[in-house]
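Please consider the structure shown here.

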Amino acid sequence: MVESGAWIIASRADTAMWQAGIASDLLPGESITAFAHIFRFKPVMEALAITNCRVIGFTTVLEPGKKVRIEVRGEDIRSVEFVRKRVTTKLHIHTDRGPILFGDVMDQEQDFIREHIERLRRDTAQPQNRTAEPLRVSLEKQPSEVVLPSSSIPQVKTPRTTTLLSDEIARLADMHQKGWLDDEEFRAAKRAVISRMS
């Protein structure tokens, strides 16, 4: 059991936002088994979802149908590799077509990510062995894994306050200024955030 604290609230808010944000882009019968933080400039990604059939790098700031930026099906996964480059660690998933770079991951999340991707690889290689698993979330400030059954994740929408809206728009503006979002992506993301939070 995890003690409550501000970091738990923030992580659960991220999880609820990610879950709501990616729901429309899931395949029929697809369910998420794990979330983790990931970061990539182009294509821009903010989170990693591991489902019962694929690994998805996605962002919640784009409209439905465009949120999944990179994906690898479980049956295509051959191995997982974390490559240290200067101050960041990059997640590579190897397939028969070669390695696919997902983006930067937090060092304390590597074991968590590897475990769930390896489980997906094994389960999709032997579909009869698949079992329903609770949603797992790797928390930024907690090095050990915390299990959050999907029923414990808030299903209510994120609080719609001016502070949250301005924070989200400021985050998008910063991404736009750094070149991570082009003009069209920035405008679309800003409209989506305003629509979601107003």
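Eight salt bridges are found in a search of the whole structure, a salt bridge being a side-chain nitrogen of Lys or Arg within 4 Å of a carboxyl oxygen of Asp or Glu. The model is a predicted one, in which local features need pLDDT of at least 70 and side-chain atom pairs count only at pLDDT 80 or more, whereas totals for chains, interfaces and linings use all residues. Residues are numbered from 1 along each chain as its sequence is written, and side-chain values use heavy atoms, with hydrogens and water left out.

One of the salt bridges joins the side chains of Asp96 and Arg78 (3.0 Å, N to O). This pair links distant parts of the chain, 18 residues apart: Asp96 lies in the loop between β6 and β7 (98-105), and Arg78 in the loop between β4 (68-73) and β5 (79-85). Strands are DSSP runs of E with at least two residues, helices are runs of H or I with at least four, and both are numbered from the N terminus. Asp96 is exposed at 63% relative accessibility, while Arg78, at 41%, is partly exposed. Here buried means under 20% relative accessible area, exposed over 50%, and partly exposed in between (1.4 Å probe, protein chains only).

A further salt bridge connects Asp104 with Lys90, their closest N and O atoms being 2.6 Å apart. It also links distant parts of the chain, with Asp104 in strand β7 and Lys90 in strand β6, 14 residues apart. Asp104 counts as buried at 18% relative accessibility, and Lys90 as partly exposed at 22%.

What surrounds Thr89? Beyond its neighbours within four places in sequence, Thr89 is in contact (heavy atoms within 4.5 Å) with residues including Phe82, Val83, Asp104 and Val105. The side chain of Thr89 makes a polar contact with that of Asp107 (2.6 Å); such a contact is a pair of N or O atoms within 3.5 Å, where within protein one must be able to donate a hydrogen and the other to accept it, and residues adjacent in sequence count only if both atoms are side-chain atoms. With a relative accessible area of 3%, Thr89 is buried.

Finally, the overall build: the protein chain contains four helices and nine strands, and buried residues make up 41% of its 198 residues.
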